[in-house]
Amino acid sequence: MNWKIVAGAISLGALMGLALLAGGILLPTASAGAPTTQLAQTAQANPTAVPTTTTPQPGVPGGPAGPHERGFGGPGFGGRGFEHGGGPMGGFETADGASRVISGTTNMISLVKGDLTYATGKMDTGTVQDWLNKADGLLKAAQTASANNEYGKAIATANAAGSLARAADMLMQQALGADKLPSYNQRPFPGKDHPGFPGAPGNGTAPTLTQAQLSRELSDLYNEIIMKAALLKSTSNAGDANTYLTTAQNYYKTAYTAYQAGNYNDAHAAASVGRTLLGVTNDLLRAATAPNSADAPVLVPAPNF
């Protein structure tokens, strides 16, 4: 596959954050099972260690921002960047805000379904179809919440649907090449290798992924997984958030294996999907505690530390 195709593998709606690098084809066989990847590159002698246990590692968590932290996008492509209640970006739990996010997510899911039609028969689309079916279910739940004036829940749930659909599209991009998919020319940025995105190849030239870069990416993803797991333990009504957390953990395991073998493109591709699935968990956690309106205060935790 030439790098012109790889350069196009920025996520649907330019919202996936990291550019996808198709060094290997990543085709999970079950939504909650451990994915597989082709490891074809030569292993390096002493790869930098990345976490393998459940012990949080020192350092600043988060690192390269995932799709839920970047704020890319806007109306028509999932509405990212204006939907998160609370904090500096809060105050958008309104009927209009919910309508905009639901509409954008609806449009984006439709594009991914078009990609699925093209991909059917060219790759294993079982996981893609499963995730899109679940994205439809989340979108319907968001519409119901909005109708019940639960605008914060509606926004977060619609975002979870969008994240899951984006993860599904990632699998098709990695397997077939982003510029082969029908949605390629319908994405908001004319330059699919937009230089503003960390990891974007730029000008059709593949970036050189170094050991240091991948070690930081995976370490950051690990810390995010640990933090989300801790939050999930204290949230009892987060729906299927635990399912997507488990799937994100499985993608981390795949990325870790590829990293240890020196296959940095494969590691990056698996980590990108894992981070997007972790976004589904994050949105479902938000939905569980989201305020109904911009005027409703949220719980302020006591300083129990």
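Residues 24 or more positions apart account for 79% of the contacts in the protein chain with a separation of 6 or more, where contact means heavy atoms within 4.5 Å. This is a predicted model, in which local features need pLDDT of at least 70 and side-chain atom pairs count only at pLDDT 80 or more, while totals for chains, interfaces and linings use all residues. Residues are numbered from 1 along each chain as its sequence is written, and side-chain values use heavy atoms, with hydrogens and water left out.

**Overall make-up**

- The protein chain has seven helices and zero strands; helices (H or I, at least four residues) and strands (E, at least two) are DSSP runs, numbered from the N terminus.
- Along the sequence, the pattern reads α-α-α-α-α-α-α.
- Of the 305 residues, 52% count as buried, meaning under 20% relative accessible area, with exposed over 50% and partly exposed in between (1.4 Å probe, protein chains only).

**Helices H2 and H4**

- Helix H2 (residues 95-119) packs on helix H4 (residues 151-176) at an angle of about 20°, and their axes are 9 Å apart. Axes are lines fitted to C-alpha atoms, for helices over the stretch in contact, and angles run from 0 to 180 degrees between N-to-C directions.
- H2 and H4 are therefore roughly parallel to each other; angles under 35 degrees count as roughly parallel, over 145 as roughly antiparallel, 65 to 115 as roughly perpendicular and the rest as oblique.
- Their crossing is left-handed, that is, the near helix is turned anticlockwise from the far one by less than a right angle.
- The contact of H2 with H4 has 19 nonpolar, four polar and three charged residues. Here Ala, Val, Leu, Ile, Met, Phe, Trp, Tyr, Cys and Pro count as nonpolar, Asp, Glu, Lys and Arg as charged, and the others, Gly among them, as polar.

**Helices H5 and H6**

- The axes of helix H5 (residues 211-233) and helix H6 (residues 241-260) come within 11 Å and cross at roughly 160°, which makes H5 roughly antiparallel to H6.
- The crossing of H5 and H6 is left-handed.
- The residues making this contact include Leu218, Tyr222 and Ile225 of H5, and Leu245, Tyr252 and Tyr256 of H6.
- By class, the contact of H5 with H6 has 14 nonpolar, four polar and one charged residues.

**Around Thr281**

- Thr281 lies in helix H7 (residues 264-289) and is buried, with a relative accessible area of 0%.
- Leaving aside neighbours within four places in sequence, Thr281 is in contact with Ala241, Tyr244 and Leu245.
- A polar atom of the Thr281 side chain lies 3.1 Å from the backbone nitrogen of Leu245.

How values were computed. A polar contact is a pair of N or O atoms within 3.5 Å; within protein, one must be able to donate a hydrogen and the other to accept it, and residues adjacent in sequence count only if both atoms are side-chain atoms.
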